[in-house]
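Here is a short briefing on one structure, grouped by topic. Please read it alongside the sequence and coordinates.

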Amino acid sequence: MAFLMGLDVGGTFTDAVLLKEREVVASAKVPTDQDDVLNSILEALDQVVREEKKNLIMGQAGREGCGGPELQRIVLSTTVVTNAIAQGTYEPVGLVLIPGPGMDPGIFSWPVQPIVLKGGINYRGREITPLDQGEVLELAQLLYERGCQKVAVVGKFSQRNPIQEELVAGLLAGRLPDAEIECGHRVAGRLNFPRRAVTTYFTLAISQTYRQFAGQVKKVLAARQLEARVASLKADGGTIPLEYSLHYPLEMVFSGPAASTLGALALLPRDASAVVLDVGGTTSDLSLILGGKPLLASRGAVLNGYATQVRGFAVRSVPLGGDSVVHLEAGGQVVIGPQRVGPAFCLGGAVATTTDALVCLGLANIGNRHRAMEAMTALAFQLDKSPVELAQAVVHAVNTTLQGEIMSMVRRWQEEPAYKVWEVLQGRKEPPGLLVGLGGAAGGIVPALAAAMGWQYFIPAQAGVANALGAAIARPTLAISLRADTQLGYWEVAEDGSRGEIPEKRRDFALEDALALAHDLLQRRARRAGLSDGEIGLVEDLYHESFNVVRGWETVGRLLEVGVGLEPGVLWHL
Amino acid sequence: MIFGSRDQDTAQPYKHKGPAAIEHEASASLGLVFFPAFDWAISFNHPEREERLLYTRDQLFEEGVMDLPGIREYKPRPATIKDIARVHFCVPDIPSQVTGAHLVAAGAALTLADALRQGEIRRGFALVRPPGHHAMRVVHGNRGFCNINNEAVMIEYLRQFYGLKRIAIVDTDVHHGDGTQDIYWYDPDVLFISLHQDGRTLFPGSGFVQEMGGPGALLSTINLPLPPGTTDEGLHYLLDKLVLPILHDFKPELIVNSAGQDNHYSDPLANMRFSARGYAELTEKLKPDLAVLEGGYAIETALPYVNLALTLALAGLDFSGVREPDYQPDRMVLDTGRRRYLEDLVSQVGDLWARREKLNRETINNFQRSGDYFIRQKHIYYDTDYIREDQEEKLSLCPDCSGYLAINSRAVHGHGREVNCCAILIPLGACPVCQRLALSGYREACDKGGVDFVYLQDRPRDYYLSHDCRSGRECQLED
């Protein structure tokens, strides 16, 4: 019997679940101690193992428990990376840009004042402005004097030709032998220079934090003699072996919301479409599942207001949760949130919250109902209303906001730009019509919300630990975007900056060749990442485009781009 | 209740430092539809092929333009059959003249027109293909790579649904915008200004100063032919001395720019010497409400830079860093010969413009007439589809309105096949008498036969008919 464990370290709670095949055999929820996250992990781990042992003794005595060799895999989703960035507790990084001709980098604001170098590569990867070596050496000296330990070097179109990035990195390394230097083309190869720069910057900024965390996790598991494979969950809902994840630390941001979405996916029938609403304490997270696949943010995740190229689910975070404070505006209007002051009044908190309104109406059954009534009464008194009327107004306000956000998110998806005729002309994208509620307060909110929208709803029994469940049964993801320019004779891979030549005699290199090459490269990468043959077997073609390059009425080459990979998904549906 | 939400896809990632930051936050400085039609071509090696906006895509996306807080990207909706029928008489019918790509390109302009009028954006740029400014009122086929006039479809839509009246179109493509000129020839409320390489040296061979508009609409068409080799400096001289003052006088409710980019010094199909910077500065001065891409075939050396510079200029952002790798400012100076030509042009057209009201009154009798109609004969050549068309237009003389238009058209296709049609247009603002006369004219033509098709454009009622004389079948052109 194979056991799988999922651990989700959230801002408020750390959740753990243990699965035996398709069955949840134990789950645990402990408060997260932000100052000692590892201890929270340990507690959740111990609690779930204890519970499983108890079940074992009561039910299937004589079988070996999950602590032994039958625990196949532990998947961890964590806020360590997200928090480090949100709180700014990361190491300083020097940002060196080679923007070339085009938009002035000063139009954007950057996490740190960038240093701009001469140079330039164009869309085909041709060098159009040379580097100024003297300038680079001066910069190296300056960084040396400043004691800079981390430097991000990012050029516009560097993924089409990394020569200038590599040259600068080499020259800097000569003067700063101990510094960690990273090039943009190795981190973020999709089109979007500002996002590439920010992604490279944050990758360096949190690499140490993440390494430390991973090291401690390994120690903790060794202390508990757990020998299972350990993986991290990425923002795109894919697992990645802990060891391998050290190369891509930034991809571990927002793994919490990704875990919840995957949990919902696992609890829905195959190929279902739904909006997932995860009601937390301070915020509610919305995500979309379309035909059994979570929707990805088209250009990448946004961190602390800075756009990156990190692949992540299109999650919309609404500042409205169970602990959001209810107060009255001057005109008597009921206002909810966005701040959280502590737990709900009915749970011993100091102020009236959304949860108090739900408890007051009997829509939730937690804490002290009398205190919930008391919280509503205090506010209702000011409006000359009954406590129940006020609670109804609160729930109405919450639903109105959430409905607006859900419809706006669906519209955003429906109106995603398209660049081909058939994509624009294909039929209207229909809203999913199904709302999945997760999180503690979902039961009190989702039925009325779905009714107001004319949608169906579903609140799974495991709604409280769907996040840890999602982590437990997430599949690995891995994708490669390969672009080939047969006129100029090279191919490149966006994800890791690898490239190769297309020799003169292979100028008939066509779409099939590009796909074959991409599959081959992906397989090698998958083996390095420790994926099984079964997992590699699920690789599919994701997209492709092919352009004839015509000069003077003659076809002189082809520009091809193909994507192949493993899309986010779950090992099985429960 | 006021909530802010954070959306992974749309959160404004960069705090903008430019002047646009102080504008009203809810509306973007620029609405952009980028529709490169990556699956549409006239033929595999035609200039109008899939590859045309590929490098523009690379440049815009690599620069992160779509992430700029002042720019909002829109998905185009396809135009409807009725949107097309509001402008064109398509022979034999609309489906045989438009492909999905045409509907999306025209629809992109409509999407932005809506966003503009609903206050979501301050300006719009339809960076789309296929282009449209050579498509005339009657469409037998493709000419100058165009079937459907995207700007005219947009303008008639704005008139229909938003009640706009006075509109100015400034065409900065290197080729004369003869399609747009044809559509608005009799319309005194649409000012059409075309700057282009002299018609004696380039397709379509028209666009001379003497082409100034029909009776009562003189100087609502203004052609400014430029000698080959005219530079940024020449362009801006003309703009400052003539185009901007004329626009100022005309006081349009809306300025549309037919933003062709083939005046660029590297364009393979023309011989001018404008740069990306010259184009962007033009845009900055012109301040068009809506710009629609037209031609431009230097797909690597010009388009990525011109489109980026134009987008930034329209969004009110700094474009000074955008320059072609081989840009040389000293090549943008104007020589004496061309300067003298432009000075003459400015004084000649400026003088005509100043006298436009008098000219319209005094020259009305100079137009060719037959009975109660003004008459005009035209010969039209379709280069792409190799069609030769002969037209006779009859505009009714009416003391109360601008009259209705009847067009007799005979097109000979390359293989000798001949198609004849008769088209009746009742313009917006037509008086009841003209409306009645035009309708009975349509019926008569249907009954009389002698042509293959009869068409009706009833703009006041937004009602469009197509009648096949061979089968006797009539159909209403609807959404």
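**Helix packing and model confidence**

In this predicted model, the axes of helix H10 (residues 369-383) of chain A and helix H11 (residues 387-414) of chain A come within 8 Å and cross at roughly 95°. H10(A) and H11(A) are therefore roughly perpendicular to each other (65 to 115 degrees). Axes are lines fitted to C-alpha atoms over the stretch in contact, with angles from 0 to 180 degrees between N-to-C directions; helices (H or I, at least four residues) and strands (E, at least two) are DSSP runs numbered from the N terminus.

**Helix contact**
- From H10(A), A:Met373, A:Met376, A:Thr377, A:Leu379, A:Ala380 and A:Leu383 meet A:Pro387, A:Leu390 and A:Ala391 of H11(A), where contact means heavy atoms within 4.5 Å.
- The residues of this contact comprise 8 nonpolar, 1 polar and no charged.

**A:Gly6**
- A:Gly6 sits in strand S1 (residues 3-9) of chain A.
- The relative accessible area of A:Gly6 is 0%, so A:Gly6 is buried (under 20%, 1.4 Å probe, protein chains only).
- A:Gly470 is 464 residues from A:Gly6 in sequence, yet their C-alpha atoms are 7.3 Å apart.
- Beyond four places in sequence, residues touching A:Gly6 include A:Asp15, A:Val75 and A:Ala468.

**Confidence**
- The model has ipTM 0.93 and pTM 0.93.
- Chain B has an average pLDDT of 93 (the predictor's confidence in each residue, from 0 to 100).
- Over residues 1-25 of chain B, pLDDT stays under 50.
- Where pLDDT is low, the predicted coordinates should not be read in detail.

**Conventions**
- Residues are numbered from 1 along each chain as its sequence is written, and chains are lettered from A in the order in which they are written.
- Local features need pLDDT of at least 70, side-chain atom pairs count only at pLDDT 80 or more, and side-chain values use heavy atoms, leaving out hydrogens and water.

Conventions. Buried < 20%, exposed > 50% of the residue type's maximum accessible area, 1.4 Å probe, protein only. Parallel < 35°, antiparallel > 145°, perpendicular 65-115°, else oblique. Nonpolar A, V, L, I, M, F, W, Y, C, P; charged D, E, K, R; others polar.
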